[in-house]
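Welcome, and thank you for taking a look at this protein with us. Please have the sequence and the model open side by side as you read.

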Amino acid sequence: MRQLLGCCLLLMSGVVSAQWLPEWLSAQATLARAQVPACPREQAEGLSLVLDQGQLQGRLARLSLDLTCSRSGDSGAEGESDALSLLLTLPPIDFRVEELTLYLPSGVTTGTAELRHRQQHLDILWQTASGDVKLALLPEQQGWRWQGEIPGNLLAPEFGHSLTLSGGWQPGQELTLAVGGVLPAPLSGSWQLRLAAIEGEAGWQLQPGSRLQIPQLGWQELELGTLELAPVGIQYLDGPWQARLSWQQGRWGEQALPEAALILGTSAGDERRGSLTLELGPALRLLGSWHYDEGLALRVPEQSLPLAGLWQWLSGWLALPVGVEPAAGNLVLSLEAPDLLDATRPVTAGLVLREGQLSYRDMLAEQMAARLNLQWRRGSLQTVGTNSLTVALLDIGVPITDIHGAVQLRQGMPWLSGLTARALGGQLALSPMALAAAPSGEMHFSDISLEQILGYTAVSGLTGNGRLHGRLPFSFERGFSVTGGRAHSEGGWISYQAGEDLLASGASNLTLGLTLGLLSDLRYDRLEAEISMAPDGEAVIESRLQGQAPVMGRMHPVNFNYHHEENLLQLLASLRFARDLSERLPVRLQGESK
């Protein structure tokens with residue numbers, strides 16, 4: 001190094017006085033090899049300085065700079081206490097370097113370069129196989145700072161655009177690096193990488209303050225805002241790593257997505273595979289694994305999440321039916337993706353509901369089970385295989401049992417179709433219905449027992465027989481409502497046996513007495529009813545009966561119209577209360593007798 005300094009200083013003295021020398025004067029100095037003792041990999045070979053016609057030219061056959069080497073401090077030769085000591089000992093002229101090699105914390109890169117001296121810094125124009133590198137290096141105390149522009153594929157083949165970078169380093173302190181650019185296709189958006197690393201006894205350590213930030217990420221129909229990737233704790237560059245990926249303000253097409261976080265890590269001894277954890281909430285986590293081998297494979301094995309916690313999480317970003325709450329149950333989820341980077345390879349997901357319970361007000365659906373198999377392929381989500389929904393009992397005050405249906409996706413929206421059930425001795429069938437926040441549809445019923453319906457009323461002495469058929473168009477918006485419902489029955493009877501007080505009143509009231517006589521044994525040929533119910537439960541039923549009824553001891557043709565108003569939700573609630581009371585009262589009486 002001292003020989004190199006002496007040679008350079010000798011030439012520099014000639015340069016200072018070159019302006020007074022004749023142009024025909026020429027001179028040349030060469031040095032075969034120079035080296036920094038504190039950093040053995042930092043060398044200069046084939047140095048030559050030529051003064052030709054008053055112009056000083058520099059050339060280096062090979063120059064190696066070790067950007068990870070701690071210096072010898074003040075104990076070395078003059079200039080060696082600086083991080084770029086070899087560069088600083090070169091004369092402040094432009095150099096052509098046939099082979100410039102940079103030793104980086106995680107690799108080595110080589111190419112042809114030009115060194116251009118400025119007042120406070122050194123510009124490096126470097127021609128690599130990936131493209132031109134432009135760096136401005138500024139010595140600072142015993143370290144250095146830099147800024148510049150590099151080709152993106154120098155970092156990864158997928159980066160086609162140039163990247164801006166800046167950073168700095170001091171011996172014994174963190175090495176900082178800031179890189180920014182445009183995301184590679186098929187992704188869209190810009191990114192900013194800030195790294196902080198420090199060299200320890202076991203190698204370079206990535207510090208927790210490091211961040212990869214993407215303000216807005218786009219991929220197919222997916223949009224994620226405020227995307228951030230950060231290491232979990234201190235990570236060694238040459239060992240297994242673990243990082244946390246979080247995002248906000250997500251959207252898939254027209255559907256909003258919730259905030260979430262994904263923790264990724266590599267396996268010991270194999271950087272191409274590792275684990276993943278998807279954090280949906282404080283008590284909602286999905287565990288899986290990934291594998292990169294000519295494509296990114298992802299697998300989430302079957303695991304169970306509590307239905308109540310998942311429903312609460314969904315309600316934070318989805319519009320769910322008002323008043324519906326899960327009381328029990330678990331949802332089992334699974335996912336399999338052979339290659340996330342290949343749009344032609346399908347991603348399959350499975351959802352299984354077990355032992356579910358849903359309540360609406362004090363109505364309860366028990367022993368719910370469901371299965372949904374999904375496939376994502378070429379930007380489209382669809383159902384595959386058998387997808388079903390079953391409910392053993394829906395207790396609304398009147399038991400509805402044996403509920404079975406099928407679930408499928410139509411234009412990205414879940415639909416319930418083919419649903420059937422049993423109630424009041426007959427059958428129920430639901431027309432296909434979208435499972436939206438405010439679902440609407442039409443319930444068809446057949447062979448409903450009139451005798452059982454009248455048995456649930458609070459009117460003493462009212463009985464009847466017949467089979468009802470019809471439909472109930474309904475909607476679920478700010479509550480359950482029915483509009484334009486219709487029912488009919490062919491052939492049956494209705495009987496109302498009035499009490500003694502009402503019969504006594506009928507004896508003095510001709511109209512009342514005639515009505516009570518008709519209702520004592522009304523045999524209808526045709527019964528029709530129009531039904532409507534407001535969201536608060538207030539219902540109106542308009543009934544028309546055609547048939548025969550006794551008049552003065554003989555059966556005569558009659559047309560009977562009946563207008564009825566009642567709050568059906570309150571009626572059903574009273575039925576549920578009466579049933580619960582009848583079930584609990586004997587137990588309480590036994591407890592009191594003890």
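What follows is a short tour of the fold, some strand pairings, a surface patch, salt bridges and a few backbone details.

## The overall picture

Please keep in mind that this is a predicted model. The protein contains 7 helices and 37 strands. Of its 594 residues, 39% count as buried. The accessible surface comes to about 32,600 Å², and carbon and sulfur atoms account for 54% of that surface.

Strand 20 covers residues 284-292 and pairs with strand 19 in the antiparallel sense over 8 bridges.

Tyr292, Leu340 and Leu341 together make a nonpolar surface patch of about 270 Å². Tyr292 is also the residue at which strand 20 ends, as that strand runs over residues 284-292.

Leucine 340 sits in the loop between strand 22 (324-337) and strand 23 (347-360). With a relative accessible area of 30%, leucine 340 counts as partly exposed.

## Salt bridges

How many salt bridges are there? The count comes to 16. One of them joins glutamate 114 to arginine 116, with the closest N and O atoms 2.9 Å apart. Glutamate 114 is partly exposed at a relative accessible area of 25%, and arginine 116 is partly exposed as well, at 29%. Another salt bridge links aspartate 521 and arginine 523, where the closest N and O atoms are 3.4 Å apart. Aspartate 521 is partly exposed at 22% relative accessibility, and arginine 523 is partly exposed at 44%.

Arginine 544 and glutamate 528 also meet through their side chains in a salt bridge, at 3.4 Å from N to O. Arginine 544 belongs to strand 36 (residues 538-551) and glutamate 528 to strand 35 (residues 522-533), so this pair ties together parts that are 16 residues apart in sequence. Arginine 544 counts as partly exposed at 32% relative accessibility, and glutamate 528 counts as partly exposed at 28%. This pair belongs to a network in which salt bridges with shared partners join Arg486, Glu490, Arg526, Glu528, Glu530 and Arg544.

## Backbone details worth a look

Most residues other than glycine have a negative phi, and most peptide bonds are trans. With that in mind, a few places in this model deserve a visit. The peptide bond from alanine 185 to proline 186 is cis, with omega near 10°. Proline 186 lies in the loop between strand 10 (175-182) and strand 11 (190-200).

Where do residues other than glycine take a positive phi? Aspartate 402 has a positive phi of about 55°, and its place is in strand 27, residues 399-410. Leucine 424 has a positive phi near 50°, and this leucine lies in the loop between strand 28 (413-423) and strand 29 (426-430). Are these two residues buried or partly exposed? Aspartate 402 counts as partly exposed at 42% relative accessibility, whereas leucine 424 is buried because its relative accessible area of 18% falls under the 20% cut-off.

Methods:
Residues numbered from 1 in each chain as written. Predicted model: local features only at pLDDT ≥ 70, side-chain atom pairs only at ≥ 80, totals over all residues. Heavy atoms only, no water. Pairing = 2+ DSSP bridges. Helix = DSSP H or I, 4+ residues; strand = E, 2+ residues; numbered from the N terminus. Patch = residues over 30% accessible without salt bridge, like charges linked within 9 Å, V, L, I, M, F, W, Y side chains within 5 Å. Areas by Shrake-Rupley, 256 points an atom, 1.4 Å probe, with all protein chains shown as cover. Salt bridge = Lys/Arg side-chain N within 4 Å of Asp/Glu carboxyl O. Buried < 20%, exposed > 50% of the residue type's maximum accessible area, 1.4 Å probe, protein only.
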